[in-house]
Amino acid sequence: MTINFKSLAVSGVQNLQPYLPGKPIDELERELGVTNTLKLASNENPMGPSPLVIAALNKTQENIALYPDGNGFILKQKLSEILKVNQQQITLGNGSNDVLDMVARAFLCEGREAIYSQYAFAVYPISIQSVNATGKAAEALPVDHETNPYGHDLTAMKGLITDKTRVIFIANPNNPTGTWLKSDELHEFIADVPKDIVVVVDEAYFEYVKEDEYPDTVQWLEEFPNLIVTRTFSKIYALAGLRVGYAICSEEIADLLNRVRHPFNVNSMAIDAATAALNDQAHLENCVDINTKGIKFWRAACQYRGLDYIPTVGNFITIDMEQNAVPLYEAMLREAVIVRPIPNYGLPNHLRITISTAEENQRCLDALDVALEQYPIPD
């Protein structure tokens, strides 16, 4: 007897397209026989973690036979001190993706809807569909928008709200575009959203942004009880391999998220590493400085080559190659440089490139130039 196991799954899972991660270094070197591969595909921090993190990990490994603190007390205590919130307002996750999934499981189901922007993070529709809810993508701002091309169109998002809407996801800054929303416009939007709809502001790249008008939405939690803010240690804190993120929200919502949170979802090494990372402000500031210089480098490089790019405030830049970007990506692979084509986001002509150190930025640019010799920009 042959069993169609796909038919046994819930309808949302049957039609789900899984998240596609970037190509790993080992796989590329095995396939093409290259060495010394440079990976700039997943928005990781090239500076690596703080030395305080390494010291903490060396100590924690002595106790890895024991289960972690299921509540993450030391990390939540440190976060509460920095963010000026109660520990009961913090929910820890196995990366911020885990927290986003908790939101879907806590508030969405068949017959309910969630809203996100057209080019928003791929995890939103995956989490929505996995619980059989309906995802609605609001058309993004046009390519030729004066200040925020490809960015979230809050008016369009507001227009999709119905009596079935339970969650709205907003990435600020957004991945993969690097676009961002200013404090006044985002505040006005949240104020207009019905109070029985949860608004999730995903701030995975929060620490990189130094724009004057960029909001710190944690300060809005008392005003907006329906607001959830998510952040991560995967980006600027360089703990992507350990997987630790968190949400800050009202105690009432945090209680609901913790009801669906898996026991021991954050491991001991991640908890201790994240706590240590918060103690090294100098390392964080150095990472911001290097990234800011890297943004300027890539802007100038694109302008010199006549390439359009999406203005970014994250640790990556998304460049319009004016043609199918996959052949250029593959040509760069042969130069042992991994970047990210993003047709899965509806941007088949774009490459997303992680911003790195001066030396690695130049090496990536050299590889891009080699690719452009093979596939010149169309006239």
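**Pocket and helix contacts**

Q: What makes Y19, S42, F121, K235 and R243 stand out in the largest pocket?
A: They lie nearest its centre, among the 24 residues that line the largest pocket. This is a predicted model, where local features need pLDDT of at least 70, side-chain atom pairs count only at pLDDT 80 or more, and totals for chains, interfaces and linings use all residues. Residues are numbered from 1 along each chain as its sequence is written, and side-chain values use heavy atoms, leaving out hydrogens and water.

Q: Why is this called a pocket and not a cavity?
A: Because a pocket is an open set of points on a 1 Å grid over the protein atoms alone, with protein on both sides within 12 Å along at least five of seven lines, whereas in a cavity a 1.4 Å probe fits but cannot get out; lining residues have an atom within 4 Å of a point. The largest pocket here has a volume of about 460 Å³.

Q: How does the lining of the largest pocket divide by class?
A: You get eight nonpolar, 10 polar and six charged residues. Nonpolar covers Ala, Val, Leu, Ile, Met, Phe, Trp, Tyr, Cys and Pro; charged covers Asp, Glu, Lys and Arg; the others, Gly among them, are polar.

Q: Why are α4 and α11 called roughly antiparallel?
A: The axes of α4 (residues 51-60) and α11 (residues 268-277) cross at roughly 150° and come within 8 Å. Angles over 145 degrees count as roughly antiparallel (under 35 is roughly parallel, 65 to 115 roughly perpendicular, the rest oblique). So α4 and α11 are roughly antiparallel to each other.

Q: How do you know which residues make the contact of α4 with α11?
A: Contact means heavy atoms within 4.5 Å. On the α4 side, that picks out L52, V53, A56, L57 and T60; on the α11 side, S268, M269, D272, A273, A276 and A277. By class, this contact has eight nonpolar, two polar and one charged.

Q: What makes α6 roughly perpendicular to α10?
A: The axes of α6 (residues 96-107) and α10 (residues 251-260) cross at roughly 95° and come within 9 Å. That angle makes α6 roughly perpendicular to α10. M102, V103, R105, A106 and F107 of α6 touch I253, L256, L257 and V260 of α10. Here the classes are eight nonpolar, no polar and one charged.

Q: Where do α6 and α7 meet?
A: N97, L100, D101 and A104 in α6 meet V123, Y124, S127 and S130 in α7. This contact holds four nonpolar, three polar and one charged. The axes of α6 and α7 (residues 123-130) come within 9 Å and cross at roughly 35°.

Terms used:
Points joined across faces, edges and corners; volume = space filled by probe spheres on them. Axes fitted to C-alpha atoms, helices over the stretch in contact; angles between N-to-C directions. Helix = DSSP H or I, 4+ residues; strand = E, 2+ residues; numbered from the N terminus.
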